[in-house]
Amino acid sequence: MKKKACFLLVLLIAAELALSVFMGVHTQSAYADIAEAMKLVPDQDEVWREKTIRLQKFSIDGRNYESAVISLKDSEARILSMKTEEEDLVIPAKIGDYPVREVGCDWSELKEAREYVCENEKTPELGKLAWMMDPEKPYRKIVMEEGIVTVYNESFCGVSADELDLPASIRLLGSISFMDSQIGEIKWAGDPPVTYWGAFLNTEHKGLFKALSPKNVGQIVDDPLLRDTYKKW
């Protein structure tokens, strides 16, 4: 009887070990590495002369993301949207082999935003639509990695986070890029960036950074890193 009981106990332990190994493999494989995810893109189209790809459940440097919309052009990537279930949203400065210098978009570039406009006859709060898994659940931090230079117009409108961390490389925040956002604290690593009009309109951070005007716009035009961005915007 004791031998039978011991045998059953050994079988039970073995079954639990097998299940834990299976669950570990299953959990790890649920999120593809970004390099593999880029090879398995199911949906591609051409938007604004850029190739736009949609990624689902992928990981970058051990961080898991639920989705992202990426535009590829001239050997660079621009992140239009990115969402995670984790407490911190880390916006990477590299997608696969593509460096990221610019993040965000306006509503016309994002399929979900265009559908929202058609259904509601008004533009969405793009920050919630493009970056938040749950609009009612703020991130602890939104962190932009070193290498990101510009944030596109209106792209983080209405986003919520306890903290926004900007890298030393950040130079320009577009018009109404963080309008109506709910951000507790803003930190930046280097010189403070400059902004276009209304970057933090309707927030407690309005006026935190120097805003461009016709009188001081020359400081951007003379900056070779931002000259192309200024002309485009």
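1. Buried is used here for a residue under 20% relative accessible area, exposed for one over 50%, and partly exposed for anything in between, with a 1.4 Å probe and protein chains only. Glu185 counts as partly exposed because its relative accessibility is 40%.

2. The structure is a predicted model, in which local features need pLDDT of at least 70 and side-chain atom pairs count only at pLDDT 80 or more, while totals for chains, interfaces and linings use all residues. Residues are numbered from 1 along each chain as its sequence is written, and side-chain values use heavy atoms, with hydrogens and water left out.

3. Glu185 lies in strand 13, which covers residues 182-188; helices (H or I, at least four residues) and strands (E, at least two) are DSSP runs numbered from the N terminus. If neighbours within four places in sequence are set aside, Glu185 is in contact with Asp162, Glu163, Leu164 and His205, where contact means heavy atoms within 4.5 Å. Asp165 is 20 residues away from Glu185 in sequence, and the C-alpha to C-alpha separation of Asp165 and Glu185 is 8.5 Å.

4. Strand 5, made up of residues 76-83, is mostly covered, since 7 of its 8 residues are buried. As background, side chains in a regular strand alternate between the two faces of the sheet.

5. Which strands pair with strand 5, and in which sense? Strand 4 (residues 63-73) pairs with strand 5 in the antiparallel sense over 7 bridges, and strand 8 (residues 98-103) pairs with strand 5 in the parallel sense over 3 bridges; two strands are said to pair if DSSP finds at least two bridges between them.

6. Strand 4 and strand 5 form a hairpin with 2 residues between the strands, and Asp74 is found in the loop that lies between them. The phi of Asp74 is near 55 degrees, a positive value in a residue other than glycine. Asp74 counts as exposed because its relative accessibility is 65%.

7. With a relative accessibility of 22%, Ile176 counts as partly exposed.
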